[in-house]
Amino acid sequence: MAKNYLQAGDSLTLPAPAALVSGEAVLVGAIFGVAQVAAASGDSVTLSRTGVFTLPKTTGQAWTAGVKVYWDATNKLVTTTASGNTLIGAAVEAKLAADVTGSVLLDGSIR
């Protein structure tokens with residue numbers, strides 16, 4: 001192991017940009033993750049950066065399995081709209097336009 005190795009990176013502890021509840025998705029700068037525990041704004045919170053999570057999705061959009069999905073930080077929803085949003089992963093299953101949540105595979109990449 002390299003002497004300068006710190007950690008795997010599949011989860012990171014960062015300052016919460018706002019009050020968060022466990023399971024809430026958040027974008028901290030260019031790092032997207034899901035809060036493992038609740039945290040007050042400014043407190044340290046551990047974010048999961050990889051894995052499959054059920055997240056709130058934009059209604060009016062049907063998903064197919066494997067479609068790229070993006071984080072709409074303004075509305076705090078996952079969307080298939082790339083413009084103005086941050087790529088976070090891919091849909092794991094098809095969803096109807098009326099569905100309010102979807103299963104998302106986070107790959108931990110910074111884009």
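Is Val92 buried, partly exposed or exposed? Select Val92 and show its surface: Val92 is partly exposed, at a relative accessible area of 41%. Those words have cut-offs: buried is under 20% relative accessible area, exposed is over 50%, and partly exposed is in between, using a 1.4 Å probe and protein chains only.

Before we move on, a word about what you're looking at: this is a predicted model, where local features need pLDDT of at least 70 and side-chain atom pairs count only at pLDDT 80 or more, while totals for chains, interfaces and linings use all residues. Residues are numbered from 1 along each chain as its sequence is written, and side-chain values use heavy atoms, with hydrogens and water left out.

**Stop 1: around Val92**

Val92 sits in the loop between strand S8 (86-91) and strand S9 (101-107). Strands here are DSSP runs of E, at least two residues long, numbered from the N terminus.

**Stop 2: a salt bridge**

Next, pick Glu93 and Lys95. They form a salt bridge, with the closest N and O atoms 3.5 Å apart. The term means a side-chain nitrogen of Lys or Arg within 4 Å of a carboxyl oxygen of Asp or Glu, and by that rule the count comes to one. Lys95 counts as buried at 18% relative accessibility, whereas Glu93 is partly exposed at 33%.

**Stop 3: strand S3**

Select residues 31-35, which are strand S3. Four of its five residues are buried, so the strand is largely enclosed by the rest of the structure. Now show S2 (residues 25-28): it runs antiparallel to S3, joined by four bridges. (Strands pair if DSSP finds at least two bridges between them.) Leu27 is opposite Phe32. S2 and S3 make a hairpin with two residues between them, and Gly29 in the turn has a positive phi of about 65 degrees.

Then bring in S4 (residues 44-48), also antiparallel to S3 and joined to it by two bridges. Here Ala35 faces Leu47.

**Stop 4**

Phe32 is in S3 and Trp71 in S6 (residues 68-72), so the pair ties together parts 39 residues apart in sequence. Phe32 is buried at 8%, and Trp71 is buried at 4%.

**Stop 5: two loop residues**

Jump to Ala38, in the loop between S3 and S4. Ala38 is exposed, at 56% relative accessible area. Leaving aside neighbours within four places in sequence, Ala38 contacts Leu20, Val21 and Ser22, where contact means heavy atoms within 4.5 Å.

Last, select Lys76, in the loop between S6 and strand S7 (77-79). Lys76 has a positive phi of about 55 degrees although it is not a glycine. Most residues other than glycine have a negative phi.
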